[in-house]
Amino acid sequence: MKTVAVISRKGGAGKSTVAVNLAAALRERGLRAVLADADPLRSSSEALRAHSLSVVETSAAKLFALVTASSRSGCDVLVIDTPASPEADIVSAIKVADLCLVVTRPTYLDLAAGLKTIDLLRQLRAPGLIVLNQCASPRRGQEARVVSGTLETLRFAGLPVSGVALRVRQAYQMALSQGLGVVEWEPAGQAASETRDLTELVLERLEDGRQAWRPANDVARPGGLGAAQS
Ligand SMILES: Nc1ncnc2c1ncn2[C@@H]1O[C@H](COP(=O)(O)OP(=O)(O)OP(=O)(O)O)[C@@H](O)[C@H]1O
Ligand SMILES: [Mg+2]
């Protein structure tokens, strides 16, 4: 079993959105995914109340035991949705994870919080991947200046950036309001497509095994980030 922690010290960055959609896409792919909601606000478990996906309400203190129990019960991938604070809870999730997804919106304040989150991973020498969320879609093949500026800053962060970004799309909000992931709500939509691409990327990174923290090149994906910059 592999464990993915979805983290960000910035509230509203999209942790629950990414966690729910990743779990739903993993399940669509035939994997047994369990979503662990370690955020006391319970956003993801609330959203998936009526969903058949396995959702466990938990806390930072129980994560280690949950990983053991999930592994024994045949789970393939445990996805942990985390709160934005306190830092100790995020650290607990990082410590049990094979991979941490650092969710960041391409804004100045998010980036500042994102860099702090990355620093936490560096201190713990934990493997991570930065996922840009709520990016404007490229216009005429060009990334918005705010997206390209964020990418430029992150080039020096020392953690790989997912070449698959999640764009601002109503589908993410609509799907959650219906208690679904985007792959179920609109299987042929662009949100579903980019979510599947991100899921493949996450699975590839997980197959690499748990590695010590080390800088790496951007993880490129066709059709993802990296359009010419405006
Ligand atoms: N790619 C996206 N496109 C459009 N809306 C999005 C996207 N990602 C997230 N949202 C919306 O942004 C809001 C915040 O997202 P979400 O709850 O996933 O963030 P969070 O990091 O889990 O927040 P918190 O720190 O409060 O737990 C939600 O209303 C969600 O529907
Ligand atoms: Mg949340």
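A salt bridge is taken here as a side-chain nitrogen of Lys or Arg within 4 Å of a carboxyl oxygen of Asp or Glu, and by this rule the count comes to 11 salt bridges. The model is predicted, so that local features need pLDDT of at least 70 and side-chain atom pairs count only at pLDDT 80 or more, while totals for chains, interfaces and linings use all residues. Residues are numbered from 1 along each chain as its sequence is written, and side-chain values use heavy atoms, with hydrogens and water left out.

**View 1. Salt bridge between R27 and E184.** The side chains of these two residues meet at 3.6 Å, N to O. The pair links distant parts of the chain, 157 residues apart, with R27 in helix α1 (residues 15-28) and E184 in helix α8 (residues 182-185); helices are DSSP runs of H or I, at least four residues in length, numbered from the N terminus. R27 is partly exposed at 32% relative accessibility, and E184 is likewise partly exposed at 26%, where buried means under 20% relative accessible area, exposed over 50% and partly exposed in between (1.4 Å probe, protein chains only).

**View 2. Salt bridge between R49 and E46.** The closest N and O atoms of this pair are 2.3 Å apart. R49 counts as exposed, with a relative accessibility of 64%, whereas E46, at 45%, counts as partly exposed.

**View 3. Salt bridge between D119 and R122 within helix α5.** The two side chains meet at 2.5 Å, N to O. Both residues lie in helix α5 (residues 108-124), where they are 3 residues apart, about one turn of the helix. D119 has a relative accessible area of 31% and is partly exposed, and R122 is also partly exposed, at 34% relative accessibility.

Definitions and conventions:
Chains are lettered from A and ligands numbered from 1 in the order in which they are written. Helices (H or I, at least four residues) and strands (E, at least two) are DSSP runs, numbered from the N terminus.
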